[in-house]
Amino acid sequence: MSVIIIGAGISGLKTASALYKHGAKNIKVLESRGRIGGRLQTITGFDGIRKYDLGASWHHDTLCNDLFVEGVEAGEKYIFDDDFFIYIDKERGRVDRDPEMKLEIIDREINKYTDMEYYQKLGSKDVSFQELASRYLFEKRKYLTDDQIRYSAQVSRYLELWHGIDWKQLSAKDTYFGHQGRNAMALNYDSTIDRIAKTFPSEIIELNTEVNSVKQDNNKVVITTKDNKKYVADYCVVTIPQSVLELSINESAKNETGRIEFDPPLNNNIQNGFKSVHYGGLGKVIFEFEKICWDQNEAKVVTLAKTSSSFVDAVRQANTFDDLLRYIDKDNSRMITRDCWNQPLYFNNLAKGLDIASFMMLMQSPLTEYIESIQNDKDKVFKFFQPVLDSVLKSLGGKPVVNGMSDLKQVFEDDVPVLRNIIVTNWTQEPYSRGAYTACFPGDDALDMIVALDRGQSSRIRFAGEHTVMDGAGCVYGAWKSGQREADYIADRMNLK
Ligand SMILES: Cc1cc2nc3c(=O)[nH]c(=O)nc-3n(C[C@H](O)[C@H](O)[C@H](O)COP(=O)(O)OP(=O)(O)OC[C@H]3O[C@@H](n4cnc5c(N)ncnc54)[C@H](O)[C@@H]3O)c2cc1C
């Protein structure tokens, strides 16, 4: 073969599509799963009609997102579902747009405080976002009301649902990032995947083909699959997720599913790059209802983690910031028992804009790992989330939820939200994803890994994927662009351009 591409996610498919367009016909895409798309996966709900994206849902950065523009031109559907957030506290109810508390304005100030700490000063030590937000509250306490101290940092935590990790793990430096325009929800990402896959013959893709070794032999690359099938190619583009690629430098992971043995081993720059980066665990739960019986005018509801007035006392009374940190450490250890009010959760009301009687909820690690591990016990999942679901419905003028999952024919009163099904994602449990996407813990900097993977293992063994780009890092369009980059690089060397 001239080129073997490992992985049929959007980056692998784009690599194949662009290479084929350049004139390289002798190519193959080897995909371990029985489907294409990778972390883009569209499924249908209990009625066989509603569609949901279990992986990515949004086109981010639409001011500079060429994949979005291309899709729109090709007739792909989308909605700009940007909306103001409703924030719900367990005890107090709605706390958004409150003329007394003005929490959204304090959230913006915490954002600015972070920016000044890391981007306008040199040498600031990166800490967890929890620590930095608490330091803001401590330092500025005389300018803040008790309610602002109690709730504002909890509001800022909605960013956990971007990064897919809890604020105790999240790098403060990395927490806020600039958006390049609004977000458009794709309807749905299967149309993008299918469109790209149709730009080259389907025989190019081999499904159910896990690659286990990539060996460079002079100017050839030998790729071996789990079934011991060997391919010899001039070039190889590896697009497996960062979490799976990282197994390659870990000897003790030798028998892990999806692991690729590189010979020679991944170069030092790549190995070092992995030392300063982690992987997040964004997950989703879809709550499917019989019919819409709540407000359809608001799209976004965030339930906040519970707080107590003793936190306000601790902030007010601490003599030093270290005193406050000691209080926070104790508070963290009290949160060991799992509870739906221990962390913020984001509910997307699909009734607005899409007219679908469902909520798509986003959750973060470590909750995702737990919920995905109990996904087959839908009643247990429901019981866990019932208190927040009821609060969300109440904030939208709806009645408490009724569990109608066991008997789909059972009839209930007209204005009662009857839950018919729950769908839970599986990204943290699946060996070919092992989580969601790149995330930074305190002290991390993804740049080293990105630069090393962009340069490649060699001129013959290349990398593409969301973890190999700066612009659009972690995003669908970034992954897509990296596929074009590698196709251009190879086409150039093959004198195809
Ligand atoms: C829950 C969730 C929500 C997200 N939300 C958004 C969003 O709203 N907007 C956005 O822009 N991004 C979002 N993302 C991120 C986005 O989905 C990814 O950045 C993007 O899809 C990654 O594409 P990729 O081609 O780099 O990797 P993947 O899609 O993971 O493709 C890699 C492929 O390699 C295959 N593979 C793995 N190991 C092997 C092996 N040994 N041999 C052969 N094949 C192998 C895998 O099966 C997979 O198909 C989200 C991700 C998740 C999980």
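Predicted model: local features only at pLDDT ≥ 70, side-chain atom pairs only at ≥ 80, totals over all residues.
**Second pocket**

I started with the second largest pocket and found about 420 Å³ of space in it. By pocket I mean an open set of points on a 1 Å grid over the protein atoms alone, with protein on both sides within 12 Å along at least five of seven lines. The volume is the space filled by probe spheres set on the points, which are joined across faces, edges and corners. I then looked up its lining, meaning residues with an atom within 4 Å of a point. There are 25 lining residues, and the closest to the centre are Lys-306, Thr-307, Ser-308, Asp-331 and Met-335. Two or more residues each come from α4 (129-139), α5 (146-156), α11 (309-317) and α12 (321-334). α12 gives the most, five residues. My helices and strands are DSSP runs numbered from the N terminus: H or I over at least four residues for helices, E over at least two for strands. I sorted this lining into nine nonpolar, nine polar and seven charged residues. Here Asp, Glu, Lys and Arg are charged; Ala, Val, Leu, Ile, Met, Phe, Trp, Tyr, Cys and Pro are nonpolar; the others, Gly among them, are polar.

Residues are numbered from 1 along each chain as its sequence is written, and side-chain values use heavy atoms, with hydrogens and water left out.

**Cavity**

I looked for cavities next (sets of points where a 1.4 Å probe fits but cannot get out). There is one of 30 Å³ or more, and the largest cavity holds about 80 Å³ of space. Its lining includes Lys-51, Tyr-52, Met-185, Leu-187 and Asn-188. β4 (51-53) and β9 (184-187) are the elements giving two or more residues. By class I got eight nonpolar, two polar and two charged residues.

**Around β9**

I followed β9 into an open, antiparallel sheet with the order β5-β9-β6. Strands count as paired if DSSP finds at least two bridges between them. β5 (58-59) and β6 (77-79) are the edge strands, each pairing on one side only. β6 and β9 are joined by three bridges, and Lys-77 has Leu-187 of β9 as its bridge partner.

The peptide bond from Leu-187 to Asn-188 is cis, with omega near -5°. Asn-188 sits in the loop between β9 and α8 (189-197). I found another cis bond between Ser-365 and Pro-366, with omega about 5°. Pro-366 is in the loop between β20 (358-363) and α14 (367-373). I noted these because most peptide bonds are trans.

**Ligand**

Which residues are closest to the ligand? I got Ser-11, Glu-31, Arg-39, Trp-58 and Val-476, out of 40 that surround it (a heavy atom within 4 Å). For polar contacts I used pairs of N or O atoms within 3.5 Å. A polar side-chain atom of Arg-33 is 3.1 Å from a ligand oxygen atom. A backbone N or O atom of Val-476 is 2.8 Å from an oxygen atom of the ligand. For Gly-258, a backbone N or O atom is 2.9 Å from a ligand nitrogen atom.

Technical notes
Polar contact = N/O pair within 3.5 Å; in protein donor to acceptor, adjacent residues only side chain to side chain.
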